[in-house]
Amino acid sequence: MDSVIHSMRLGASDFFTKPFRLRDVESAIERTKKFVHLKKSLIEVKRNYSIISEEFQKAMGYEIIGD
């Protein structure tokens, strides 16, 4: 279990116990695909937010701080 925790901290997205079934591997692949897609989407949203925020600051002349 220590190696699983260590691997997850280093970026592993899943793990399998032996013997593993093909169905488990296929499910893990689908989960990883969804994770990668969501991660890319989040990066894009952050990039767009940054651009909008910069444009807003330029237009207003000051930065708004808040939640």
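Buried means under 20% relative accessible area, exposed means over 50%, and partly exposed lies in between (1.4 Å probe, protein chains only). I wrote that down before looking anything up.

**Entry: the model.** I am working with a predicted model, where local features need pLDDT of at least 70, side-chain atom pairs count only at pLDDT 80 or more, and totals for chains, interfaces and linings use all residues. Residues are numbered from 1 along each chain as its sequence is written, and side-chain values use heavy atoms, with hydrogens and water left out.

**Entry: helix α2.** I looked up α2, which covers residues 22-60 and has 39 residues. Helices here are DSSP runs (H or I, at least four residues), numbered from the N terminus. From its first C-alpha to its last, α2 reaches 57 Å, close to the 57 Å expected at 1.5 Å a residue. The expected span is 1.5 Å times one less than the number of residues. After α2 I found G61, with a positive phi near 90°.

**Entry: salt bridges.** I searched the whole structure and noted 4 salt bridges. The term stands for a side-chain nitrogen of Lys or Arg within 4 Å of a carboxyl oxygen of Asp or Glu.

I took R31 and D14 to begin with; their side chains meet in a salt bridge at 2.4 Å, N to O. R31 lies in helix α2 and D14 in the loop between α1 (2-9) and α2, so this pair ties together parts that are 17 residues apart in sequence. R31 is partly exposed at 46% relative accessibility, and D14 is partly exposed at 24%.

Next I checked D24 and R21, whose side chains form a salt bridge at 3.2 Å, N to O. D24 counts as partly exposed at 27%; R21 is also partly exposed, at 46%.

Then I turned to E44 and R47, where the closest N and O atoms of the salt bridge are 2.7 Å apart. How many residues apart are E44 and R47 in helix α2? They are 3 residues apart, about one turn of the helix. An α-helix has 3.6 residues a turn, so residues three or four places apart point the same way. E44 is partly exposed, with a relative accessible area of 37%, and R47 is partly exposed, with 42%.

**Entry: S3.** I located S3 in helix α1. Is S3 buried or exposed? I noted S3 as exposed, with a relative accessible area of 54%. I also checked S3 against P19, 16 residues along the chain, and their C-alpha atoms are separated by 17 Å.

Definitions and conventions
Helix = DSSP H or I, 4+ residues; strand = E, 2+ residues; numbered from the N terminus.
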